[in-house]
Amino acid sequence: MGDLMDIEKQKEDIRLRNILMRSYQEVDFYSTHNLLSKKQMNSLQLSDFPLQDRQTIQQQHGRFLNGRYQRYPDIESLLVQHSFGMSGIPLEVYWDRRDASRAQDALWAFREEFAGVTSEERCCVFCTAEYAGNKIMDYMPMRLSWDKKILSISMRELSLKHFKRCLDDISAFDPVWMCLSPGTALMLVEAMESFGRLFLPSLRYIELSGEMLDEQTESLIRNAFHVQIANIYATKEAGPVAASCTHGNMHIFPANTVVEVIRDGKPVMDEEGDVYITSLQNNAMPIIRMKTGDRGILRSTHCSCGCETSVLCLTRGRDCGFITTTSGRKISALVLRSMAEYANEEVSRCLSYIRFRQTGRVSMDVVLRVKPAFEGWEEEIARVFCGQVSDSELEQMKWNFIFVKPESTETVQMEEEPFFEVCGEVE
């Protein structure tokens, strides 16, 4: 076992060294930092690279794209993914399609070992938006994939009436596993109880992602479905980062990502700090030492489950937030992420910052900053946003649009602000 671990560690070190060297040689942002002379290239270390935040990547987006992917034929293999992050700073992340597929291999291996599920089995997915290649697909409440293996359910409408239809369609589809956020899973449990439904005989695995998972929420979901449950930590910038074991610890996928916890500008172990990631798979747009907006602790001790990979304990991330509707019902705040994604696409990806704050049961603030080229579009942006409200319970709310300037206090603080928060009395 020890020899095998040593071999895997050597592979990881080689993969990291290769991505660092290619980034320094081929990516404008890194090459202009003059980290080392060409004679010292083989001694490049992760610590030689600067720490990055989402704002820097957004503002200098083109400089992070590997030069060879800006030319034919490599440009033909580019895949665009869209990320809002915890703080609501949207990024376009470019991947080579082959790298994006390879980044999923570790997660598929985990799924098969942990729950015995494969890509050949039926899966139900709750998603904020769907893309065909690099273009967002027209909104549909539900969609069945061409091979009839994946049932996708949109998060843009979360009314009880919609969930009743979801239960009917999920029951008819009879999935082997489901992929959804903890908040969405709680809503599904609520709908099952409201309509007196027993759940699926074929279901044997639930994968939770997109939000922090606490013990109480996990227990409620487990007691409702009685299946294997895993918690996945993933980002659009690096792909799958970590997955929970049977002991509940999040084990990092070393083939995909280097995770650092930074405190006072330095990496630490067994101390809480900001989580930074380095993608080992993304050659088209290498993301090196990017601040995720999450906080956590890297453990120096190994997990008692027997897995030798590092353990990441998240202490702050995207909460399982809920909007309180005019009727008093709580719905997942991911519906706002879905609206933001569709609206941003419709107005030429003009947003550089967005977050929501509920100020009362009938009122929601939408705090926005637009890119400089789109100044003067505020009225059109507000109109497009209102057009994305598909949920009948949210249609009754008052939507207040607040456009902030780059130099405003709100903008300065935005790295620390959540995508959605509750301010005021809404109960």
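Proline 90 sits in the loop that links strand 1 (78-83) to strand 2 (91-96); strands here are DSSP runs of E of at least two residues, helices are runs of H or I of at least four, and both are numbered from the N terminus. The model is a predicted one, so local features need pLDDT of at least 70 and side-chain atom pairs count only at pLDDT 80 or more, while totals for chains, interfaces and linings use all residues. Residues are numbered from 1 along each chain as its sequence is written, and side-chain values use heavy atoms, with hydrogens and water left out.

Proline 90 is tucked away: with a relative accessible area of 8%, it counts as buried (under 20% relative accessible area, with exposed over 50% and partly exposed in between, using a 1.4 Å probe and protein chains only). Leaving aside neighbours within four places in sequence, proline 90 is in contact with residues including Arg54, Gln58, Asn344 and Tyr353, where contact means heavy atoms within 4.5 Å. Glutamine 55 is 35 residues away from proline 90 in sequence, yet their C-alpha atoms are 9.0 Å apart in space.

Asn344, one of those contacts of proline 90, is also among the buried residues of helix 9. Helix 9 (334-346) is largely enclosed by the rest of the structure, because 12 of its 13 residues are buried. From first C-alpha to last, helix 9 reaches 19 Å, close to the 18 Å expected (1.5 Å times one less than the number of residues). Just after helix 9, serine 348 takes a positive phi of about 60 degrees.

Helix 10 (residues 378-387) has Ile381, Ala382, Val384 and Phe385 as its buried residues. They lie on the same side of helix 10 because they cover an arc of only 160 degrees around the axis, the arc being that of the directions from the helix axis to the C-beta atoms. That buried side packs against helix 9, strand 20 (351-360), strand 21 (363-370) and strand 22 (398-403). Turned the other way, the opposite face carries the exposed residues Glu379 and Gly387.

What about the lining of the second largest pocket? By class, this lining has 25 nonpolar, 10 polar and 10 charged residues (Ala, Val, Leu, Ile, Met, Phe, Trp, Tyr, Cys and Pro count as nonpolar, Asp, Glu, Lys and Arg as charged, and the others, Gly among them, as polar). Helix 1 gives the largest share of the lining, 9 residues.
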